[in-house]
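Dear colleague,

Please find below the structure that I am handing over to you, together with its sequence. My notes on what was found in it follow directly after.

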Amino acid sequence: MKWHNKGHEYDAVYQRMEEITSYYLFGAGDYGNQFFHVIRDEIPLAGYLDNSKEKQGTDYNGLKVYSPEKVTLSEREAIIVTVSQIQRIKIVEQLEKLGYRKNYHYFIIEEFLSVYYVYKHGKVFFSSISMLPSTKCNLNCELCLNFNPYAEHPSVRALDQVKKDIDAFFSAVDYIMLFHVSGGEPFLYPDLPEVIRYLDERYGDRIYKIRTVTNGTIVPRDEFLERLKGLRFEVTVDDYREAVPQYRGQFDKLMAKLDEYGIQHYRNYTDQWIDLAPMKTDHSAWTDEQLMHHFDDCCQSWQELRDGKIFMCNYSAYAAVAGINQTEPRTSITT
């Protein structure tokens with residue numbers, strides 16, 4: 001977006017939030033669970049909405065799950081969309097077909113958190129941030145979201161540099177729902193346990209969830225897992241066994257090792273690859289208005305923290321690190 005009334009851009013949005021007496025959370029899943037736990041003492045919740053017939057009629061976090069078509073909003077009720085960026089595209093279309101308007105009848109999770117907390121409490125609240133200590137990976141996927149096939153050498157950052165960025169981030173941010181340590185393949189980054197420990201010990205009271213991810217093909221050594229044992233974080237294990245069958249056995253070994261060391265984890269099964277930044281798309285001739293419209297409509301809400309700056313689009317950061325995009329980030333962290 002482009003600022004038109006800086007400092008008061010969201011006055012009307014927050015005023016509408018103040019009018020709401022009850023919210024439904026659209027998405028009884030991972031995001032909906034995280035959001036519930038950070039917001040439950042702040043706003044009144046009426047229940048969840050979900051398109052899954054298996055979830056409808058059940059309870060989730062003590063709230064009833066309803067079919068969206070069977071709930072009619074009153075003038076002082078609203079919906080907060082609490083699903084991932086890709087899933088929400090169809091959900092927003094669904095809500096607008098029902099006659100609902102953004103920032104009146106429904107809100108998006110990231111915008112809601114940021115606007116609500118800065119107006120209500122004067123606090124800077126991020127929904128999530130992504131940090132890549134390393135882009136080193138044992139795979140070389142053609143459509144890698146880190147653009148690894150286009151990089152001459154992987155980026156491996158020193159632990160001190162990573163800690164410096166973490167300190168800079170929390171000098172300007174009061175609270176965050178999800179701090180995501182990504183990659184590359186994080187299990188190939190030797191200082192991953194120290195990064196997780198630093199986040200938890202230094203800033204754990206300001207982070208709801210610390211998470212890292214693995215492609216499920218690497219089984220770390222026992223010494224590495226021992227350093228992770230007991231830390232407050234969780235691992236997303238991507239299940240690519242059908243795509244890389246030669247690593248099928250590694251997946252089961254990894255899950256068993258994580259269980260052995262008591263490391264919280266869950267399996268993430270992806271039945272199709274998501275190409276969020278196709279290489280053949282050329283935006284170089286677009287006008288500023290076209291680029292702003294594209295940015296506002298983009299389903300991607302992740303930012304990347306790197307070198308004291310925040311890339312508003314983490315895929316732009318990945319492209320810069322890979323050497324195929326030299327655009328500098330526009331947002332510097334200042335206190």
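Gly184 sits in the loop that joins S8 to H6 (helices, H or I of at least four residues, and strands, E of at least two, are DSSP runs numbered from the N terminus). The peptide bond leading from Gly183 into Gly184 is cis, and its omega is near 20°. For context, most peptide bonds are trans, and most residues other than glycine have a negative phi.

Please note that this is a predicted model, in which local features need pLDDT of at least 70 and side-chain atom pairs count only at pLDDT 80 or more, while totals for chains, interfaces and linings use all residues. Residues are numbered from 1 along each chain as its sequence is written, and side-chain values use heavy atoms, with hydrogens and water left out.

Two further backbone features concern phi. Asn61, although not a glycine, has a positive phi of about 55°. Its place is the loop between strand S3 (59-60) and strand S4 (63-66). With a relative accessible area of 28%, Asn61 is partly exposed (buried means under 20% relative accessible area, exposed over 50%, and partly exposed in between, with a 1.4 Å probe and protein chains only). Asp307 likewise has a positive phi, near 55°, and is a residue other than glycine; Asp307 belongs to the loop between strand S12 (304-306) and strand S13 (309-311).

The buried residues of H10 are Asn314, Tyr315, Ala317, Tyr318, Ala319 and Ala322, and they pack against S7, S12 and S13. Just after H10, Gly323 has a positive phi of about 90°.

Strand S7 (residues 125-131) contains Ser127. Ser127 counts as buried because its relative accessibility is 8%. Beyond its neighbours within four places in sequence, Ser127 is in contact (heavy atoms within 4.5 Å) with Glu110, Leu113, Ile176, Met177 and Leu178.

I turn next to the helix pairs. The axes of helix H5 (residues 159-172) and helix H6 (residues 192-203) come within 11 Å and cross at roughly 30°; axes are lines fitted to C-alpha atoms, for helices over the stretch in contact, and angles run from 0 to 180 degrees between N-to-C directions. H5 is therefore roughly parallel to H6 (under 35 degrees counts as roughly parallel, over 145 as roughly antiparallel, 65 to 115 as roughly perpendicular and the rest as oblique). From H5, the contact is made by Leu159, Val162, Lys163, Ile166, Asp167 and Phe170, and from H6 by Glu194, Val195, Tyr198, Leu199, Arg202 and Tyr203. By class, this contact of H5 with H6 has 8 nonpolar, no polar and 4 charged residues (Ala, Val, Leu, Ile, Met, Phe, Trp, Tyr, Cys and Pro count as nonpolar, Asp, Glu, Lys and Arg as charged, and the others, Gly among them, as polar).

Helix H1 (residues 11-19) and helix H4 (residues 109-120) have axes that come within 10 Å and cross at roughly 85°, so the two helices are roughly perpendicular to each other. Here Asp11, Val13, Tyr14, Met17 and Glu18 of H1 meet Phe112, Val115, Tyr116, Tyr119 and Lys120 of H4. The contact of H1 with H4 has 7 nonpolar, no polar and 3 charged residues.

Which residues have the most contacts inside the largest nonpolar core? They are Ile166, Phe169, Phe170, Phe179, Phe187, Leu199 and Leu228, in a core of 38 residues (a nonpolar core is a set of buried Ala, Val, Leu, Ile, Met, Phe, Trp, Tyr and Cys residues joined through side-chain atoms within 4.5 Å). The largest share of this core, 6 residues, comes from H6. Leaving out residues up to four places away in sequence, Leu199 touches Ile166, Phe170, Phe179, Val181, Gly204, Ile207 and Ile210. Another core, of 29 residues, lies apart from the largest one and includes Met17, Tyr23, Val38 and Val65.

Finally, two loop residues. Asp205 is in the loop between H6 and S9 and, at 64% relative accessibility, counts as exposed. Asp205 and Tyr175 are 30 residues apart in sequence, and their C-alpha atoms are 8.4 Å apart in space. Pro245, in the loop between S10 and H8, is partly exposed with a relative accessible area of 45%. The C-alpha atoms of Pro245 and Arg202 are separated by 40 Å, and the two residues are 43 residues apart along the chain.

With kind regards
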